[in-house]
Amino acid sequence: MGRRGLQLLLGVLATVAVASGLFGMIFGPEFLPDGGHVSATIDSEYRFVNAFWFTAGAVVMWSLPRVERATAVLRLTLGAAFLGGVARIWAAAASGWPNPVFVVALGIELLLVPVTLCWQARVTTASGAASDQDSP
């Protein structure tokens, strides 16, 4: 559970965010599981949110070579993903549970993301690096 493993996990998470964000921006919500035609407002909001998802993945990719120093960037970006998981819980309470693909995403956001943040803190401490030296 060292630096290299953390970089690998963050790389996978970032690649998924970049790829799904780009796909969502280009193709819209029509290709979602259980997706279909939506109003222009929902389509616009969906594509807008996917631009942020794409950007979050790109920011995490940027942090990979400096993973032990990019503490603030990772906390903000992964914290936003955690907050997205909280929003999914609110959505489930308001509208019911989503497709299982998004239940898995919820698990990643609420469980794996905090574990990853703790892991990054350990890597930073173990390296003796001063965090937050590099900012975008």
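**Entry 1: the end of α1.** I began just after α1, where glycine 28 takes a positive phi of about 75°. I note here that the model is predicted.

**Entry 2: the length of α1.** I asked what span the 25 residues of helix α1 should have at 1.5 Å a residue.

**Entry 3: the buried side of α1.** I listed the buried residues of α1 and found Leu6, Gln7, Leu10, Gly11, Ala14, Ala17, Val18, Gly21 and Gly24. I recalled that an α-helix has 3.6 residues a turn, so residues three or four places apart point the same way. Then I looked up what covers the buried residues of α1. The cover includes α2 (40-63), α3 (71-95) and α4 (100-127).

**Entry 4: α2.** I went on to α2, which has 24 residues. From first C-alpha to last, α2 reaches 35 Å, close to the 34 Å expected at 1.5 Å a residue. Its buried residues are Asn50, Gly57, Val60 and Ser63. Which helices do the buried residues of α2 pack against? I found α1 and α3.

**Entry 5: glutamate 68.** I looked next at the loop between α2 and α3, where glutamate 68 is found. Is glutamate 68 buried or exposed? Its relative accessibility is 8%, and the cut-off for buried is under 20%, so glutamate 68 counts as buried. I then checked its side chain for polar contacts. One is with the side chain of arginine 3, at 2.4 Å. Another, of 3.2 Å, joins the side chains of glutamate 68 and arginine 69.

**Entry 6: the whole chain.** I stepped back to the fold. The secondary structure comes to four helices and zero strands, in the order α-α-α-α along the sequence. Along the principal axes, the C-alpha atoms fill a box of roughly 50 × 25 × 20 Å. I looked up contacts between residues at least 6 apart in sequence, and 73% of these join residues at least 24 apart.

**Entry 7: burial, surface and charge.** Of the 136 residues of the chain, 28% count as buried. The accessible surface is about 8,100 Å², and 70% of that belongs to carbon and sulfur atoms. How many positive and negative side chains does the chain have? I noted 8 positive and 8 negative, with the centres of the two sets 13 Å apart.

Methods:
Residues numbered from 1 in each chain as written. Predicted model: local features only at pLDDT ≥ 70, side-chain atom pairs only at ≥ 80, totals over all residues. Heavy atoms only, no water. Helix = DSSP H or I, 4+ residues; strand = E, 2+ residues; numbered from the N terminus. Buried < 20%, exposed > 50% of the residue type's maximum accessible area, 1.4 Å probe, protein only. Contact = heavy atoms within 4.5 Å. Areas by Shrake-Rupley, 256 points an atom, 1.4 Å probe, with all protein chains shown as cover. Lys, Arg positive; Asp, Glu negative; His and termini not counted. Charge placed at Lys NZ, Arg CZ, Asp CG, Glu CD. Expected span 1.5 Å × (residues − 1). Polar contact = N/O pair within 3.5 Å; in protein donor to acceptor, adjacent residues only side chain to side chain.
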